[in-house]
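Please walk me through this structure. Start with one chain and end where it meets its partner.

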Amino acid sequence: MANALFQGKPAHTSGELPKVGSKAPDFKLTAGDLSEVTLANFKGKKKLLSIAHSLDTGVCAASTKKFNDFAKNRSDVVVLVVTADLPFAQVRFCTGEGLKNVVTLSMMRDRHFAKDYGVLLTDTPIAGLCARSTLVLDENDKVLYTQLGPELTVEPDYDKAFAVLK
Amino acid sequence: MADITHRGNPVHTSGDLPAVGSRAPDFRLTDAELKDVSLADFKGKKKLLNIFPSIDTPTCALSTRKFNEYAASHPEAVIIMVSADLPFAQKRFCTAENTNNVKTLSMMRDRHFAKDYGVLLLDGLYKGITARAIVVIDENDKVVYTELVPEIRQEPNYEAALATLM
């Protein structure tokens with residue numbers, strides 16, 4: 001269980017983020033075309049996982065745009081945006097905003113991803129969704145960098161995450 | 001478990017709708033303000049639950065508009081849209097479409113509602129979200145009408161459902 005803040009009040013997650021240096025847990029998530037996707041689908045690429053609560057909220061929308069800009073010039077990196085939004089909402093958002101460089105993945109079928117990555121919120125008004133987190137994985141799925149919160153309603157530290165991908 | 005189709009392909013639900021004449025199962029769902037709501041919050045009123053896969057898909061959107069029209073002139077009944085969409089998506093839709101006479105409730109925290117009402121899809125493209133169904137519940141929480149739409153892409157039978165509210 002990890003501690004963070006939601007609008008200044010204590011927030012708790014179901015577990016801990018994967019440790020830096022460990023192998024990232026595999027996952028099964030649902031893509032925009034409703035197909036199931038696993039970590040192995042992105043084999044051989046560096047991954048930036050932007051985990052957020054909903055693309056229909058301001059900060060998550062802003063961070064997705066920022067990561068989309070970053071991904072434009074980086075064919076060696078895949079940006080995976082993971083939320084509990086249904087794929088229909090994710091596709092609507094990305095189409096509406098013209099975001100083509102990020103891959104959105106949905107927890108529509110279950111919350112295993114959130115539990116396995118330790119980011120399921122167990123309290124706050126958004127209990128059941130993900131705490132805002134950023135992970136960087138290398139080509140071999142080794143965890144290079146993680147950030148959780150600390151305040152879930154502010155944007156992640158982009159520069160630190162991007163520096164790891166230099 | 002019930003057999004229905006999605007785009008002509010056989011799919012299965014986790015259970016059966018509550019039987020007509022039985023007491024409606026209680027539920028805990030989340031409203032547009034992220035507050036948890038239960039069946040008891042609508043005590044003493046007739047309730048129509050319009051259960052569907054996602055408000056971001058055409059048939060669900062259509063049915064929401066249709067029920068909103070009815071709700072505008074029938075304040076004595078509570079017309080509730082239930083889906084696995086996050087409250088942010090439900091709210092966005094209702095604001096954009098001005099469908100403010102219906103209430104939206106989300107399964108953002110878990111899928112207990114879907115299991116208790118027997119509408120969780122176990123397979124097919126919509127695995128993990130719900131089939132399309134209508135449940136009408138009287139003032140004393142007795143189930144008076146149900147429809148499990150046999151093909152998910154079809155609209156429900158509005159006339160038959162609304163007739164039971166008269």
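Which residue just after α2(B) takes a positive phi? In this predicted model, the residue is N98(B), with a phi of about 55°.

Step back to chain B as a whole. Its secondary structure consists of four helices and nine strands. Read from the N terminus, the order is β-β-β-β-β-α-β-α-β-α-β-β-α. Chain B has a radius of gyration of 14 Å, close to the 15 Å that the globule rule gives for 166 residues, so it is as compact as a globular protein of that length. Along the principal axes, the C-alpha atoms of chain B fill a box of roughly 40 × 35 × 30 Å. Of the 166 residues in chain B, 41% are buried. Take the contacts in chain B between residues at least 6 apart in sequence: 65% of them join residues at least 24 apart.

Now return to helix α2 of chain B, residues 87-97. Its buried residues are P87(B), F88(B), A89(B), Q90(B), F93(B) and C94(B). What covers them? The cover includes β3 (28-30), α1 (58-72) and β7 (103-106) of chain B. It also includes α2 (87-97) of chain A.

Next, the contact between the chains. Chain B gives 17 residues and chain A gives 18. On the chain B side, eight are nonpolar, three polar and six charged.

In soluble globular proteins, nonpolar side chains tend to be buried together. Here the largest nonpolar core has 90 residues. Those with the most contacts inside it are V82(A), C130(A), A133(B) and V135(B). Leaving aside residues up to four places away in sequence, A133(B) touches L17(B), I51(B), V119(B), T146(B), E147(B), L148(B) and V149(B).

How values were computed. Residues numbered from 1 in each chain as written. Chains lettered and ligands numbered in written order. Predicted model: local features only at pLDDT ≥ 70, side-chain atom pairs only at ≥ 80, totals over all residues. Core = buried A, V, L, I, M, F, W, Y, C linked by C-beta atoms within 7 Å. Buried ≥ 20, exposed ≤ 12 C-beta atoms within 10 Å, placed from the backbone. Contact = placed C-beta atoms within 7 Å. Helix = DSSP H or I, 4+ residues; strand = E, 2+ residues; numbered from the N terminus. Nonpolar A, V, L, I, M, F, W, Y, C, P; charged D, E, K, R; others polar. Rg over C-alpha atoms; globule rule 2.2 N^0.38 Å.
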